[in-house]
Amino acid sequence: MSLFIRPRRLPDTTEAGANRDDAPAPPGEGGGSAPSAVAPPGWFGWRRRWPRTARGVTAGTTVLAGALVLFALLAPNRVERVDVHAFVRLPSEGILLAALLLVLPPRRRRIAAVVSGVLLGLVTVLKFVDMGFHQVLARPFDLVLDWILLDDATDFVRESFGRGGQVLAVAGAIALFVALLALMTLSTVRLAGLLSRHRPVAVRTVLVLGVAWITCVTLGVRIDGVPVATRGTAEMLGNRVEQVRAGLRDARVFEREAAVDAFAKTPPDRLLTGLRGKDVLFTFVESYGRVAIDDPAMAGPMDAALEEGARRLADAGFAARSGWLESPVTGAGSWLAHSTFLSGLWIKNQQRYRSLTTSDRTTLTKYFRKAGGWRTVGIVPGVRRAWPEGEFFGLDHVYDSEHLGYHGPYFSWTPVPDQFSLEAFQRLEHGRKDREPVMAEIILASSHNPWSPVARMVDWDDLGDGSVFHRIKKEGTDPKEVWKDPEKVRTEYRRAIEYSLRSLTEWVGRYGDEDTVLVFLGDHQPVPAVTAGSTSRDVPVTIVAKDPEVLDRVAGWHWTDGLKPAPDAPRWGMDAFRDRFMTAYGPRGGAPAAPGG
């Protein structure tokens, strides 16, 4: 067995061995100035060469790490709340995290630091996303239902700022996401090491901060109205957990609501009898919200535009009644408002929208098809891809942006100017000879964010294929310049609404007749940059007709005469319109008919 035992190597005590080339020379003897075999600390030895700079970099990096972690814990998720006071606070989450890192053994401490860093990075990303959602939709990001909106956001950037702008925006977002996760993780790991190296001081500091936090909470200490002690991040995450639970519960609630339909068993010949033989047009004006009428800075020009439109209609023999509807959304989400109005259900999120469009719910437009006697069509210039929902809404034919005959330019997001969309409807459907009555859902998109450049009216006979709008777009404003000034944004928004309303009222005056019934409304309020802090979700709604019997049927609604609803005009939820409308234009304007009667 001794053959398999490796012999021990004895120390080489010979003179040759003592002077081997790889043996370190004693200081001051034989080549003592030769470089050391151990690499100096720092890249290329910079820490040894510049020790003061190295200490400064070390301290600065540690301070930066602490600042990043505090930013993640203290940053609010709304732009308007970002100020100095937001960051002069004691976060309970930071104190608890430091205490946890102090009590864990080294291996677990490192794992906890990495996990905490990743979580802080994700929380920071969520806060940034919330800021964007609050700026556009006046609400935080929904972790379950809002992912589809990110795709819509990239489309909006592409249409507003070009393909290059979209690529830059997406690349920037990805880079920011990766950077935040990496920096937050490195920061927590660095701070965990600092706590470990200076444990006695760290323990005393954490105890002092904990006592200070409890004292501030107990005494309600505030600086300029802002609490010094905060647990804001924990509360935000708790709210998100509850939001997810509420979303799951809401699916069951919506299923019960959708099962109730007062007109489901009404015979077709008893539906919409008060509108037989009429052309009924349901028209949505993008972002036409109450702010356009009530805001003092817009009220003067808007009043003039509405009065001019009312005179134009009156000269053509039409009258109008107006009221208010509360939209389920604000800032964006037009399809949710459209489906709320047409289905009679409160469609406040994408989950409800998907549930609705895969159900057998009968929408207002589908009831026109069920009643018979109408051709149902959709004019949807904002649709640029397959739209299978058109069949759900009961539309016999859908004209999207590719089938209106338009060969002009986009106006930022808007594919087709409103005047051209309405003229296309006249050419393709309303102006055809020997046709049956038509029920149309028309979506006017010229007043869609970013409202720059805005189309302007041209002579109806000069519209042609839309090429005339190339020149008009060149004369328009640049959205990148407009959005540098909030007042310019509001001005361009108002001009866009005025253009949409003028297109609509001129079309009615030019092509409307005794059988024309127009219902037009806003889908939602514009973004907070325009509403300037208003929390209202109200939008105007108007019925226009030449036949007095049409308006007599809604006299009991007590709406305001004309195109401008009074401040105290009736206000309904948008989901209430379908049943009220069908009741008003049912047999004798009474209640929903009973089955068989």
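Guide: Let's start with a working term: a residue is buried when its relative accessible area is under 20%. Please keep in mind that this is a predicted model.

Visitor: What makes helix α14 "mostly covered"?

Guide: Take the cut-off of under 20% and go along residues 364-371: six of the eight residues of α14 are buried. They are Leu364, Thr365, Lys366, Tyr367, Phe368 and Ala371. With six of eight under that cut-off, α14 is therefore called mostly covered.

Visitor: Which elements do the buried residues of α14 pack against?

Guide: The partners are the strands β5 (279-285), β7 (375-380) and β9 (438-444), along with the helices α12 (334-343), α15 (389-392) and α22 (577-584).

Visitor: Where else does Leu191 turn up, and what is close to the centre of the second largest pocket?

Guide: The second largest pocket has a volume of about 650 Å³. Among its 25 lining residues, Leu191 is one of the closest to the centre, with Gly94, Ala98, Leu195 and Leu209. Elements giving two or more residues to the lining are α3 (51-74), β1 (90-91), α5 (92-103), α7 (147-197) and α8 (199-219). The largest share, six residues, comes from α3.

Visitor: What kinds of residue make up the lining of that pocket?

Guide: The lining divides into 19 nonpolar, five polar and one charged.

Visitor: Why is the crossing of α9 and α13 called right-handed?

Guide: The axes of α9 (residues 232-258) and α13 (residues 350-357) come within 10 Å and cross at roughly 35°. A crossing is right-handed if the near helix is turned clockwise from the far one by less than a right angle, and the crossing of α9 and α13 is therefore right-handed.

Visitor: Which residues meet there?

Guide: From α9 come Gly247, Asp250, Ala251, Val253, Phe254 and Glu257, and from α13 Gln351, Arg352, Ser355 and Leu356. They divide into four nonpolar, three polar and three charged.

Note on methods:
Residues numbered from 1 in each chain as written. Predicted model: local features only at pLDDT ≥ 70, side-chain atom pairs only at ≥ 80, totals over all residues. Heavy atoms only, no water. Axes fitted to C-alpha atoms, helices over the stretch in contact; angles between N-to-C directions. Helix = DSSP H or I, 4+ residues; strand = E, 2+ residues; numbered from the N terminus. Contact = heavy atoms within 4.5 Å. Nonpolar A, V, L, I, M, F, W, Y, C, P; charged D, E, K, R; others polar. 1 Å grid on protein atoms, 1.4 Å probe; cavity = no way out; pocket = protein on both sides within 12 Å on 5 of 7 lines; lining within 4 Å. Points joined across faces, edges and corners; volume = space filled by probe spheres on them. Buried < 20%, exposed > 50% of the residue type's maximum accessible area, 1.4 Å probe, protein only.
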